[in-house]
Amino acid sequence: MNDRIPVLKTYKLFINGEFPRSESGRTYTVKDSRGRAIANICQSSRKDFRNSVVAARAAQPGWAKRSGYNRGQILYRLGELVEGRREQFISELRQQGSSVTEARKEVNLTIDRLVYFAGWADKFQQLFSTVNPVGSPHFVFSVPEPAGVVALIAPERSGLLGLVSLLSPIILGGNTVVALVSEKRPMSAITFSEVLSAGDVPPGVVNLLTGFRSELLEQISGHMDVNAIVYAGEKPEELVLIQQQASLNVKRVISPKAGSWTSEHALSPYLIMETQEVKTTWHPIGL
Amino acid sequence: MTATAPSDPLAWTYAPAPEKVDPGIRERYDLFIGGRFARPSEGLYRKLVNPSTATILCEVAEAGVADVDHAVKAARRAYVKIWSKMPPRERGKYLFRIARLFQERAREMAVAESINGGKPIRESRDIDIPLSVAHFFYYAGWADKLDYAFPGARARALGVCGQIIPWNFPLLMAAWKIAPALATGNTVVLKPAETTPVTVLKLAEIIRDADLPPGVVNIVPGGRPTGQRLVEHPGVDKIAFTGSTAAGKWIMKTLAGTGKKYTLELGGKAANIIFEDAAIDQAVEGIINAIFFNQGHVCCAGSRLLVQEGIAETVIDKLKKRIETLILGDPLDKNTDIGAINSAEQLDKIKKYIQVGGEEGAEMWQPDCPVPEKGYWCRPTLFTNVSQSHRIAQEEIFGPVLTIQTFRTPEEAIDKANNTPYGLSGGVWTDKGAKIFKVTRQMRAGVIWANTFNKFDPSSPFGGYKESGMGREGGWHGLLPYVELETL
């Protein structure tokens, strides 16, 4: 076996269910802890982002229309597929600097998280809906509905678990997403896009971009067809930029408290509600 | 316009029926800070105008930099020393007490609201005041039940809330803001709108009479600069704003990087969709209520009528007939349907849009109802021949101006309804249950009225999608913007 030359993987973007390179043709090199090149990664352009939003917008109504039960099964299926590829995910995490123990733990938690959130897809609506006891003869109810297209600036350090922990609550509620994944640890995210592709996630529901926050954040947070942005970075100056740009179209800005994605706090269903709107419907009661 | 035939029962004239209760509006109002009425530090008083007579009503203190600062400090002190330590049950009892005192002074408050803002007494008496009271009563009961409200999490108060409210529903907006904030354990600095602070300051009297601990609620009247100071004040933990989308965007931008939370209830351009299978006469009443309620000074007003082609002519005919019967005039007359436009400035804005509508090629129609000589008035106005790109169909007018468009299929109606950056409210009229759910689900707006319009209740969440804002006010959902949830 040793005399065989291994086949290296080309890491590409994931847009609208396809794996294009950046339209700009640019790449950057990811290095391991000893400074050796381990992969060339696409350096997404603003146009790649815009294309992703178009795909996400087109996919959103269809995705939202599916039942929670169906979205839950699709999330569960992603868990199954990661389980089947655990060795690949572990070895990639190790390449990106994790120890064996850390890598195992991250992959296990990733699978468990997908299964956990799969179960919320047809339940959170009941938890967060109300029938409103109004004083007039009307039947009035309030239910969560997806905000629409969500941009996700994924955690930098937790390239796989952090991404999945935030992606899941966004999409299980019927949103579609364009995620800018970890800059220095992007490989797991791209391999995860292969899982998304092999699973039953419809094209455009999840779009994953690799590249530099420094050149994309302004465009992402200022885009007029993005309804919400989740920022899981830890740089205050980036958050300020996002919050300023978000005002252009009254985007919801969600910045989950920086913390460990391994903790129980990452399981809060209130996170799901951060990318939901609440719609109240009134109807008279009468003959 | 030809005069209606005398045999037409709708042509009956009504004898004046003025509401005579003395609202006890004082000649001068001060700031309400730390439980006391205080003179403004810069000594400035703004003269308020009664919009139905265009005469000076009274003068109100203008809060300056130092005043906003005092108010925020008073709110902080009250939060740290008293309110955050008070058992929630006791907090709730104060809110119940405010609700009761408010109820007792309901008629006086209604009259004052109509005089200051120009809205018909029928509305202030039957809607604004009872709903405001109900908000205090509703949230009072939440104060000691928060542990049951959020499974798996503990709700913590945010601290000092800066609240800025508009002129269209002064008391109701104050109630929407103050009641949930206090119930969840926050203290408040509230800025009423420049033109309509009177009833909010009367509410301050009630708050004082209720013996609410000093500083828990502070009222700082003023114009835009006062609001800006409140937004920018470092001692404020959260901003709750109701007003224009432009101002909401400014707030978002200003708060960037401060860590302050905010909720925004902004503009709207609601579609009111009438299907061929709707109960037409009810729908016509609904259209009237949707756009002419409070002179159209309503962020959720049904300002875009979408009528299915087959019934368009009938609906428009009936609508015009019904509008001919609306009584425009003295807000204090119990027969009045349409009161005064809130301010000269707003009247200018509405007139400008009416002019633009004509210039863009839409066809304008108004009834020839008599209009008082003094004061600010605008006849109910319809525009037909409107296309989606017209400014009058795109921009919020905030006046009694309705645009009418037609559609053929439900899909076309939904497309047109959603073709706006706003998403606050919407209406659907049809007798088919399945169609209601299909259409209401696809409308991208926070409040949808089916076979009704402009209904509100403290137990029912209100708030917008997209550029109509974020966060909800009312109901269980209305608690969320005022708490920090700590996962257990």
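Where pLDDT is low, the predicted coordinates should not be read in detail. For the model, ipTM is 0.96 and pTM is 0.96.

The model is predicted, and local features need pLDDT of at least 70, side-chain atom pairs count only at pLDDT 80 or more, and totals for chains, interfaces and linings use all residues. Residues are numbered from 1 along each chain as its sequence is written, while chains are lettered from A and ligands numbered from 1 in the order in which they are written.

An open sheet of 10 strands, with mixed pairing, runs in the order 3(A)-4(A)-10(A)-18(B)-17(B)-12(B)-13(B)-16(B)-15(B)-14(B). Strand 3 (130-131) of chain A and strand 14 (363-365) of chain B each have a single partner strand, so one side of each lacks a neighbour in the sheet. Strands (E, at least two residues) and helices (H or I, at least four) are DSSP runs numbered from the N terminus, and two strands pair if DSSP finds at least two bridges between them. Strand 3 of chain A pairs antiparallel with strand 4 (residues 138-146) of chain A over two bridges, and A:T130 stands opposite A:S142.

In helix 9 (residues 245-255) of chain B, the residues B:T245, B:A247, B:G248, B:I251, B:M252 and B:L255 are buried (20 or more other C-beta atoms, placed from the backbone, within 10 Å of the residue's own).

Terms used
A residue is buried if 20 or more other C-beta atoms lie within 10 Å of its own, exposed if 12 or fewer, and partly exposed in between; C-beta atoms are placed from the backbone.
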